[in-house]
Amino acid sequence: MAGSFETTSNATAIKPPFWVLAELTYRCPLHCVFCSNPVNLDTITTELDTQTWKDMLAQARELGAVQLGFSGGEPLQRDDLEELVAYAHELGFYTNLITSGVGLIESRAKALKTAGLDHVQLSFQDSTAELNDFLSHTRTFELKQRVAKLIKSQGWPMVMNVVLHRHNLAHVGKIIEMALDLDAQYLELANTQYYGWAWKNRLALMPSKDQLLHAETVVNDYRKRIGDRCQIIFVVPDYFEDRPKACMNGWGNVFLAIAPDGLAMPCHAARELPGLNLPNVQTSSVHEIWYESQAFNAYRGEAWMAEPCRSCDERHKDFGGCRCQAWLLTGQANQADPVCSKSPYHERVVHLINRPCPSSNEQPLVFRQNTGLSDRE
């Protein structure tokens, strides 16, 4: 049934979701300046209970989803994390915990291992305690190093994730050395994507092109020297390329995100887009959400595309780029992603990346504010 469903807009079969992101909570002990969570955290006052999460996971697995990420906020803030991991493992998901490390003590690590957790992605903000702790507005650097060793002791493959930007790009070599010292199998160097709190801080976080090129040179040099010891993934920021990435491999194509309050989204930033009637797992089945909802069909296929995307011979490759990026930069979600040099709005991106970095007095960093639900104990 799922494989034969067709959209009314492009009459092509919709494949089932492959990857599910369960954002269990927006609560988080960190206050990162580049957090992708919504800036209006204080308006989100509910979280799904354990049984509702289980029902959603069972439905998603039945549709064919196989990869599952437990995220947040900080998913370790949920007391039922081990129960949800065990249930997901029983369903047959490959499970990944995306964490700051705060709350991952030995007893919980062992319980998560017993529950069947397959994979852990641990975030750092920098290779130094000073900058790591400044950017997260917490004292967590030494804790993260202990957690990295704890992850390895449980036999999990570890991905270390560091978001890169103007303030830490110069440290990329030291960040790689830290990953090697901690025996990370993968190091994801993810240059900042400008949504959520990162959008608020974009002028202060945007690197120069010279910074980016130098960092990429350092990364490539390390790749040659260390071989297979650690796989380094360097994600070039969209703004510095002349063609957009295929955001989420296409809208409503492989990725299903569920927010703490149950909103279902084709990407984790979609709740900010206007004109979307985002469905909720508390009132709609996952099948209805994926195949029939207005939100998930809004930018599937090509019928929604404006020029130059509509007649571009690259539209099958990048699907018009990122809808959230188009909205933030042009005010219209159906426009070509302005990262693309063919976009009539491309100069807005050029202006941003060429603009001198403001001083801290001109553009102070705005730290993520943990208010409302995120303060709940």
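Mentor: Two strands pair if DSSP finds at least two bridges between them; strands are DSSP runs (E, at least two residues) and helices are runs of H or I with at least four residues, numbered from the N terminus. This is a predicted model, in which local features need pLDDT of at least 70. Residues are numbered from 1 along each chain.

Trainee: What makes S2 and S3 a pair?
Mentor: Strand S2 (residues 67-71) and strand S3 (residues 94-99) are joined over 4 bridges, in the parallel sense, and the requirement is at least two. Leu68, for instance, has Thr95 in S3 as its bridge partner.

Trainee: Which strands are the edge strands of the sheet?
Mentor: The open sheet has 9 strands in the order S7-S6-S5-S4-S3-S2-S1-S8-S9, with mixed pairing. Strand S7 (231-235) and strand S9 (264-265) are its edge strands, since each pairs on one side only.

Trainee: Why are H6 and H9 called roughly parallel to each other?
Mentor: They pack at an angle of about 30°, with axes 9 Å apart. Angles run from 0 to 180 degrees between N-to-C directions, with helix axes fitted to C-alpha atoms over the stretch in contact. Angles under 35 degrees count as roughly parallel, over 145 as roughly antiparallel, 65 to 115 as roughly perpendicular and the rest as oblique. H6 and H9 are therefore roughly parallel.

Trainee: Which residues of H6 and H9 meet?
Mentor: Contact means heavy atoms within 4.5 Å. Val172, Gly173, Ile176, Glu177 and Leu180 in H6 meet Ala215, Val218, Val219, Tyr222 and Ile226 in H9.

Technical notes
This is a predicted model: local features need pLDDT of at least 70, side-chain atom pairs count only at pLDDT 80 or more; totals for chains, interfaces and linings use all residues. Side-chain values use heavy atoms; hydrogens and water are left out.
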